[in-house]
Amino acid sequence: KIAELLLTDPELRKEWIEKDIVTMSDRIISMRKALRDTLENKLKSSREWKHITDQIGMFCFTGLTPEQCDKLMSEHSIYLTRNGRISIAGLNTGNVERVANAINEVTK
């Protein structure tokens with residue numbers, strides 16, 4: 001019922017598209033940029049991280065090996081799938097640097 005109302009009421013639909021979706025999308029893009037920037041510029045990672053900002057959506061393939069993913073989980077309590085897919089939507093200004101530091105550590 002809520003989705004139906006949101007999608008059929010022109011005023012609510014406009015607000016949802018122009019405000020809510022744009023806000024969410026912009027936040028995810030900014031977290032991708034922050035993760036890449038921290039890895040490349042602040043931490044001076046020896047790896048290329050352009051693929052983080054080239055991808056779109058709430059998830060990102062990091063390029064990490066299953067062993068590196070295991071280390072992230074066991075040593076840093078950062079959880080992702082063993083194929084290296086991480087939730088960008090789970091990043092925020094309070095944790096993106098910690099995640100970048102951990103990724104940098106396991107990729108040395």
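Start with lysine 108: in this predicted model, lysine 108 is exposed, with a relative accessible area of 73%. What does lysine 108 form a salt bridge with? Its partner is glutamate 105, and the closest N and O atoms of the two are 3.8 Å apart. Glutamate 105 itself is partly exposed, at 43% relative accessibility. If you're wondering about the idea behind such pairs, side chains of opposite charge can pair when their charged atoms come close.

How many salt bridges does a search of the whole structure find? It turns up 5 of them. One of these joins glutamate 97 to lysine 42, whose side chains meet with an N to O distance of 2.6 Å. This pair links distant parts of the chain: glutamate 97 belongs to helix α5, lysine 42 belongs to helix α2, and the two are 55 residues apart. Glutamate 97 counts as partly exposed at 38% relative accessibility, while lysine 42 counts as exposed at 51%.

Now look at a pair inside one helix. Lysine 50 and aspartate 54 form a salt bridge, with their closest N and O atoms 3.0 Å apart. Both sit in helix α3, and because they are 4 residues apart there, about one helical turn separates them. Lysine 50 counts as partly exposed at 40% relative accessibility, and aspartate 54 is partly exposed too, with 48%.

Let's move on to helix α4, which covers residues 66–76. Which residues of α4 are buried? They are Gln68, Cys69, Leu72 and Met73. These residues cover an arc of only 140° around the axis, so they lie on the same side of α4. Turn to the face that points away from that buried side, and you'll find the exposed residues Glu67, Ser74 and Glu75. And what do the buried residues of α4 pack against? They pack against α5, which is made of residues 96–106.

Leaving aside residues up to four places away in sequence, glutamine 68 touches Arg47, Gly63, Val106 and Thr107.

How many disulfides does the structure hold? The count is 0. Cysteine 60 is in no disulfide, and the nearest cysteine sulfur, the one in cysteine 69, is 11 Å away.

Serine 77 is found in the loop between α4 and β2 (85–87), and it is partly exposed, with a relative accessible area of 44%. Lysine 44 also has a positive phi of about 55°, and lysine 44 isn't a glycine either. You'll find lysine 44 in the loop between α2 and α3, where it is exposed, with a relative accessible area of 60%.

Helix α2 runs over residues 10–42, and leucine 12 has its place there. Leucine 12 counts as partly exposed, at 33% relative accessibility. Not counting residues up to four places away in sequence, leucine 12 touches Leu5 and Leu6.

Which residues make a nonpolar surface patch of about 290 Å²? The patch is made by Met24, Met58 and Phe59. One of these, methionine 58, sits in the loop between α3 (50–54) and β1 (59–61). Methionine 58 is partly exposed, with a relative accessible area of 43%.

Conventions
Residues numbered from 1 in each chain as written. Predicted model: local features only at pLDDT ≥ 70, side-chain atom pairs only at ≥ 80, totals over all residues. Heavy atoms only, no water. Buried < 20%, exposed > 50% of the residue type's maximum accessible area, 1.4 Å probe, protein only. Arc of directions from axis to C-beta. Contact = heavy atoms within 4.5 Å. Disulfide = S-S within 2.5 Å. Patch = residues over 30% accessible without salt bridge, like charges linked within 9 Å, V, L, I, M, F, W, Y side chains within 5 Å. Areas by Shrake-Rupley, 256 points an atom, 1.4 Å probe, with all protein chains shown as cover. Salt bridge = Lys/Arg side-chain N within 4 Å of Asp/Glu carboxyl O.
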